[in-house]
Structures are given as structure tokens and as C-alpha cells.
Amino acid sequence: MDKVAVVILNWNGVNMLRTYLPSVIRYSSSDKVTVYVVDNGSTDNSVAMVRENFPSVRLILLEENFGYADGYNIALHRIDAEYAVLLNSDVEVTENWLEPMIRYMDENPIAAACQPKVLSLTNKDTFEYAGASGGFIDRYGYPFCRGRIFSKVEKDEGQYNSIIPIFWATGAALFLRLLEYREVGGLDGRFFAHMEEIDLCWRFRSRGLDIVCIPQSVVYHLGAGTLKKDSPRKTFLNFRNNLVMLYKNLPANELSKTMRIRRWLDYVAAFFFLLKGQPSNAHSVLQAWDDFERIRQGFSAARVENLEKTIVDSVPERVNYSILVQFFLKGKKRFSQFTV
């Protein structure tokens with residue numbers, strides 16, 4: 001059994017692999033670490049390129065595009081390791097990036113997951129949108145990060161270099177204890193892509209397991225490698241999956257009120273998309289609600305299971321205020337201005 005499996009999911013990303021896989025191989029070299037590329041039914045020459053240029057990498061070939069969630073679920077069932085790192089194909093890692101995370105997880109068996117500090121590949125002294133230095137969530141389900149609030153990202157000046165508990169770890173570089181991953185059911189494949197790592201982390205936290213950010217490990221993320229930031233499809237998946245996540249995990253005494261307020265907040269978001277000249281994104285928000293209402297009953301069993309297995313009713317990193325109010329009305333743009 002490996003100590004660590006570094007697992008990169010690929011779909012038609014031959015250029016990403018050619019560019020960023022060399023850093024992963026170089027800085028993950030150990031007899032206790034194996035690097036995998038999981039191909040999600042690509043139609044480009046990704047597989048042939050990896051075989052020819054990176055013979056040390058193990059390939060897991062899937063017959064179709066199962067998305068982020070089930071692509072990893074299927075692959076991780078075929079891997080024998082204590083830990084796995086779910087690593088995006090557009091991530092450049094740095095020397096000794098694994099060691100601080102391995103050391104922390106070895107010394108803290110209550111920790112189910114962690115993440116490195118994630119900086120922007122195109123502006124290396126700035127945090128990257130997807131995860132920054134650890135993720136949190138507000139009472140209405142809006143995620144934010146230490147170093148990134150909505151689209152406002154901070155310059156990294158060492159201000160968030162402490163190891164702290166977080167609500168969610170980024171799916172761009174998600175370090176997992178495989179036993180706990182399997183015990184809580186893995187990623188929810190029905191999400192397909194986006195928000196599934198936050199849903200997974202909510203299950204970890206509600207069942208008494210810890211998640212932390214280890215800023216002594218650093219990676220650089222390009223971001224938006226598959227769906228661009230303003231993609232209507234991405235908007236739809238983010239909003240729809242966020243609603244599903246809330247339905248699956250919210251305590252019974254919060255569900256009705258929170259979802260009612262969230263509906264109005266999302267209508268406001270759709271209105272602002274219209275004001276910005278993005279009618280397709282506005283439509284995606286409304287479509288997300290329609291789809292959520294259509295599929296909600298299919299998640300009822302998962303909701304019952306989650307509530308039955310919850311031992312931490314109030315997760316501290318799910319803050320008891322609206323990040324929208326703090327950011328847009330009170331003008332707080334930096335994580336250090338918030339109480340968590």
C-alpha cells in the first residue's frame with residue numbers, strides 16, 4: 001500500500017498535463033508516493049502523451065466522462081493508499097509540498113482532510129480563487145476563503161500562514177485520508193462538478209472529523225481550466241449544487257427558513273447578472289432552482305443519513321452571518337476583517 005496517491009483527473013487536457021505534470025513528478029518523487037492520471041474518456045491524445053512522456057505515471061482509464069465527482073470516486077476505489085491527493089491538472093506544485101500535509105495528518109488522526117495554500121499561477125504573490133488559504137461558509141451556503149471573498153483576492157504577505165481548522169478544503173488540491181473518505185460515502189456523483197468537495201467536507205465536519213489548511217505546503221493553480229469563470233454552465237452547476245448541498249446537510253430547525261431566504265438572495269443575484277449584461281447567467285440561476293426542485297426528493301435519503309450521523313450540530317467554521325451583508329453592505333473585503 002502506498003503512503004500517498006497523487007491522483008490527477010483528466011478530460012481532454014493534454015496541454016495541461018504536458019505543462020504541469022512534470023512539477024508533480026519532480027516534487028512527488030518517493031517510494032511511498034505514486035502519481036496517477038485518471039482519464040475521463042478523453043478524445044484527445046492525453047493518454048498516448050502520458051504513456052510516451054511520463055512512463056512512471058500510472059494510468060486509470062475510464063470509458064466516458066463521469067465528471068469530477070464520480071471520476072474520482074471510481075478511481076479511488078481502484079487505489080490502495082493511506083492518503084490520496086485530488087489534484088487538478090492545472091496545478092503546479094512546489095518542492096516538499098507533500099511533507100507538511102503528511103506530517104500533520106500522521107500526527108492528527110482526527111483530521112480527515114487538509115489542503116495546501118493555493119496561490120495564483122499567473123500572479124504568484126496573490127491567492128487563487130479556488131481555495132486560497134482555506135475555505136469557510138456562511139449561514140446561507142455562500143463559500144468564501146481565507147484570502148478570497150467572492151471575487152476579491154488578496155496578496156499573499158504571510159498573513160494567513162497559520163495552520164487553522166477550516167470548513168472546506170479546495171478540490172483543486174484536496175488531501176484526504178482514504179478510510180474516512182470511503183466511510184462517509186465519497187463525493188456525491190450526482191453533483192457532476194462544482195461544490196461536491198464542500199458537500200464532502202460538511203459530512204466530515206458534522207461527523208466530528210477535522211479539516212485544516214497547511215500553508216507551509218504551497219501550490220500554484222491556473223484555474224478555470226475546464227469551464228471559464230463566467231460560463232453559464234458553471235453558474236448553473238454552482239447554484240444548483242449549492243442548493244442540493246444545503247438540503248442534504250442543514251439541520252432540521254434551519255432548513256425551511258434558510259432555503260426561503262436563499263431563494264430571494266438568488267433572485268437578487270440573477271437580477272445583478274442582468275444588470276451586468278449577462279442574461280445567460282441570470283437564466284442559469286433560475287434554471288438552477290427549477291432543477292433543484294425537480295431533483296430534491298432524490299436526495300432525501302442522503303439527508304436522513306447525514307442528520308442521523310451528525311454529532312456536531314454547529315460547525316464553528318460555518319459562520320453565523322451573511323457574507324453578502326458583510327461584503328456588500330459593510331464593506332469588509334478581507335478575511336482578516338471577519339470573525340470566524
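**Contacts, burial and overall shape**

Trainee: Leaving aside its neighbours within four places in sequence, which residues is Glu196 in contact with?
Mentor: Contact here means heavy atoms within 4.5 Å. With neighbours up to four places away set aside, the partners of Glu196 are Tyr68, Ala69, Leu187, Asp188 and Phe191.

Trainee: What kind of model is this, and how are its residues numbered?
Mentor: It is a predicted model, where local features need pLDDT of at least 70, side-chain atom pairs count only at pLDDT 80 or more, and totals for chains, interfaces and linings use all residues. Side-chain values use heavy atoms, leaving out hydrogens and water, and each chain's residues are numbered along its sequence as written, from 1.

Trainee: Is Glu196 buried or exposed?
Mentor: Glu196 sits in helix H6 (residues 196-206). Relative accessible area under 20% counts as buried, over 50% as exposed and in between as partly exposed, using a 1.4 Å probe and protein chains only. At a relative accessible area of 2%, Glu196 is buried.

Trainee: And Glu183, is that buried or exposed?
Mentor: Glu183 belongs to helix H5 (residues 178-183). Its C-alpha atom is 9.7 Å from that of Phe204, 21 residues away along the chain. With a relative accessible area of 54%, Glu183 is exposed.

Trainee: In helix H2, how wide an arc do the buried residues cover around the axis?
Mentor: In H2 (residues 46-53), the buried residues are Ser46, Val47, Met49 and Val50. They lie on the same side of H2 because their arc, taken from the directions from the helix axis to the C-beta atoms, is only 165°.

Trainee: Which residues are exposed on the other side of H2, and what covers the buried ones?
Mentor: On that other side, the exposed residues are Arg51 and Glu52. The cover over the buried residues includes strand E1 (2-10), helix H1 (14-27), strand E2 (33-40) and strand E3 (58-62).

Trainee: How many helices and strands does the protein chain have, and what is its radius of gyration?
Mentor: Helices (H or I, at least four residues) and strands (E, at least two) are DSSP runs numbered from the N terminus, and the chain has 11 helices and 13 strands. The globule rule, 2.2 Å times the number of residues to the power 0.38, goes with a radius of gyration over C-alpha atoms. For 340 residues the rule gives 20 Å, so the chain is as compact as a globular protein of that length, with a radius of gyration of 19 Å.

Trainee: What share of the residues is buried?
Mentor: The C-alpha atoms fill a box of roughly 55 × 40 × 40 Å along the principal axes. Of the 340 residues in the chain, the buried share is 57%.
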